[in-house]
Amino acid sequence: MKEIFEKIWETALPYQDQRNDDGHARITLKYAKELVKMEDGNEDIVIPAIMLHDVGYSQIPRERRMLIFDKDAKKEDREAVRDEHQAESVKLGEKILKELHYPSELIPEILEIISQHDTRKGFISREEGLVRDADKLWRFSPEGFKVDTNRSKSVLEERCKRLEKDLKDSNYIYSKSAKKIARQELKERKKLIESAKE
Ligand SMILES: [Fe+2]
Ligand SMILES: [Fe+2]
C-alpha cells in the first residue's frame, strides 16, 4: 500500500468501527483493494474514500449512533443518524486529507462519494460504485455476517435469503467483480445453516 494510504489508515483508525462492527474498516478496505485491481479503478480515489467513509459515526454520541440498528426507533430518527454520519464523515475526512496534504484536486471527488455512500440512488462513477460495493460486501463477509446474525438456524436462513434477494436487485451492486465475490461468500455462509442447530 502507498505510504500516503498507510498514513490515512493510521490517522483514521481511532474513529473506525464505532457501531459494534469490529473489522468493518479493515474488511471493506480489503474488498476495495481487490475491486480496484479487478475493475481497474482509480486507487487514489477509492482507497481514501473507503477508509474514511464511516469515520463520522465517531462524532455522534454512542446512544444516538446505535439508533441505526434499533427497530423500535422512529424511521425519521434512523434516517437522520444515517445522514449525520455521512455529513460528519465528510467533515472529518476532509480534515484528515488536508492535514496529510493529500493532492487537493482529488479531495472533492472523494468527499462527494462519502457524502451519500449509504443514500445515493444509482451510481455516479466507477470509483463511487466500487467504494459502495466494498462497503456492501461487508455484509457477505464472515465477520459482517456474524455481526448481523446471532447464528440460530432460522436467523441464518433469513439472513441468507435477504442477501440473496439484495443480490438479485440490479441496482444493489455496481460491479461484476463484486457480484462474483458476493456469490462466493454467500455460498460459504450458507454452509453455516447446515451446521447450525434450531
Ligand atoms: Fe456508512
Ligand atoms: Fe460502511
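I started with the two metals: the iron ion (ligand 1) and the iron ion (ligand 2) lie 3.9 Å apart, with Asp54 coordinating both. I keep in mind that this is a predicted model.

Next I asked where Asp54 and Asp118 sit. Asp54 is in the loop between H3 and H4, and Asp118 is in the loop between helix H6 (107-115) and H7, so this pair ties together parts that are 64 residues apart in sequence.

I then checked accessibility for both. Asp54 counts as buried because its relative accessibility is 8%, under the 20% cut-off. Asp118, at a relative accessible area of 31%, is partly exposed.

For the iron ion (ligand 1), I listed the protein donors: Asp54 (OD), His85 (NE2), His117 (NE2) and Asp118 (OD), at 2.1 to 2.4 Å from the ion. Along the chain their spacing reads D-x30-H-x31-H-D. Their four donor atoms subtend angles of 85 to 170°, which makes the arrangement irregular.

Over to the iron ion (ligand 2). Here I found His24 (NE2), His53 (NE2), Asp54 (OD) and Asp135 (OD) as protein donors, 2.1 to 2.3 Å away. The donor residues are spaced H-x28-H-D-x80-D in sequence.

That spacing sent me to one more pair. His53 lies in the loop between helix H3 (43-52) and helix H4 (62-65), Asp135 lies in helix H7 (residues 126-137), and the pair links parts of the chain 82 residues apart. Buried or exposed, I wondered, for His53 and Asp135? Both are buried.

Terms used: Residues numbered from 1 in each chain as written. Chains lettered and ligands numbered in written order. Predicted model: local features only at pLDDT ≥ 70, side-chain atom pairs only at ≥ 80, totals over all residues. Heavy atoms only, no water. Donors = N, O, S within 2.8 Å, 3.2 Å for Na, K, Ca; no water. Helix = DSSP H or I, 4+ residues; strand = E, 2+ residues; numbered from the N terminus. Buried < 20%, exposed > 50% of the residue type's maximum accessible area, 1.4 Å probe, protein only. Tetrahedral: all angles 85-135°; square planar, octahedral: opposite > 155°, others 65-115°.
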